[in-house]
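Have the model open as you read.

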Amino acid sequence: MDVRTDRQGLGVLERTACEQLLDRAPLGRLAFLVDGRPMVLPVNHVRRGLLLGFRCAPGSKLDAARETGPVAFEVDAFDADERTAWSVVATGVARLATPIERAHLEQVPHLSWADAVARDHWVVVPIARLTGRWLGQPPADVIDLTATPPPEGTP
Amino acid sequence: MSLVTDRNGLEILTLGDALRLLESVAVGRIGFVEGDRVTILPVNHFVHGTSVLFRTAAGAKLDAAVVRRPVAFEADHWDADLRSGWSVLVRGDAEVVGEEAMVALLEARGLESWARSRHRRGWVRIRADEVTGRRLHPRRT
């Protein structure tokens, strides 16, 4: 089977692979608007189905993301020496979690690394669009790479 | 020496440290507005003064979306075992840099390999209005 590529020649990751890579990453970067200008912050995340969740302190920048609408969340890995890289981007609109969503998200084991402050809020992003790309080599150990043959030379 | 920390307990990096760390990694992410959406893409970058430069693919939607528009650029490095690391954020307007000016700049910096690569064209510079950085130290156990 041929490797699926986009028009820039990057490998395309299937949805299941994107979900796996999202779940495996301990943190990602959230892009959102503050007064109409983009902002990007690293943040620990949790995924449950089509819902991304972020724990944050009330009044924090992340908490403000839900006021301003569209966001994009990205996880990636790269090896500069090997010239390999992959990235997965989920987009949607941020809002405050409902009590049911909050209960669901809290069942997923997770850690907030910066825990000096109480993080009582859950900001959620229902995933409207999930895309992934790779360069050089596809990410190792993802289950669904049906669009990708094994690299040459592997048994 | 006591460190200056923010409300999350993260060390606030000095401008010098932030720029040095930004330069120590090859890949960062650019966040920008595209129509009514926000998006984020990883790019190879380098730092020149307080500007961040990166290449875009020919005809990429990125060029049109970011030129003379405010963007955010983020780079970071983390140790998942120690749950520690740093991140640097650059915010400012993006602009296209001409090929000749870029080649001169790259050669002056000994970065000819960037200039020689043929399959990616177009350079974008972010002139920083704001450079901020944070460091999360390993927890003392």
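Both faces of strand β4 of chain B are covered: B:Ser51, B:Leu53 and B:Arg55 on one side, and B:Val52 and B:Phe54 on the other, are all buried. Buried here means under 20% relative accessible area, with exposed being over 50% and partly exposed in between (1.4 Å probe, protein chains only). Since 5 of the 5 residues of β4(B) (residues 51-55) are buried, the strand is largely enclosed by the rest of the structure. Helices (H or I, at least four residues) and strands (E, at least two) are DSSP runs, numbered from the N terminus.

A note on the source: this is a predicted model, in which local features need pLDDT of at least 70 and side-chain atom pairs count only at pLDDT 80 or more, while totals for chains, interfaces and linings use all residues. Residues are numbered from 1 along each chain as its sequence is written, chains are lettered from A and ligands numbered from 1 in the order in which they are written, and side-chain values use heavy atoms, leaving out hydrogens and water.

Two strands pair if DSSP finds at least two bridges between them.

| Strand pair | Sense | Bridges | A residue of β4(B) and its partner |
|---|---|---|---|
| β3(B) and β4(B) | antiparallel | 4 bridges | B:Phe54 and B:His45 |

Which residues does B:Arg125 contact, leaving aside neighbours within four places in sequence? They are B:Ser51, B:Val52, B:Leu53, B:Asp93, B:Ala94, B:Glu95 and B:Val97, where contact means heavy atoms within 4.5 Å. B:Arg125 sits in strand β7 (residues 123-136) of chain B, and counts as buried at 18% relative accessibility.

Next, the nonpolar cores: sets of buried Ala, Val, Leu, Ile, Met, Phe, Trp, Tyr and Cys residues joined through side-chain atoms within 4.5 Å. The largest has 38 residues, of which A:Leu22, A:Leu30, A:Leu52, A:Phe54, A:Phe73 and A:Val88 touch the most other members. Strand β9 (residues 121-135) of chain A gives the most to this core, with 5 residues. A second, separate core of 23 residues includes B:Leu13, B:Phe54, B:Val66 and B:Ala94.
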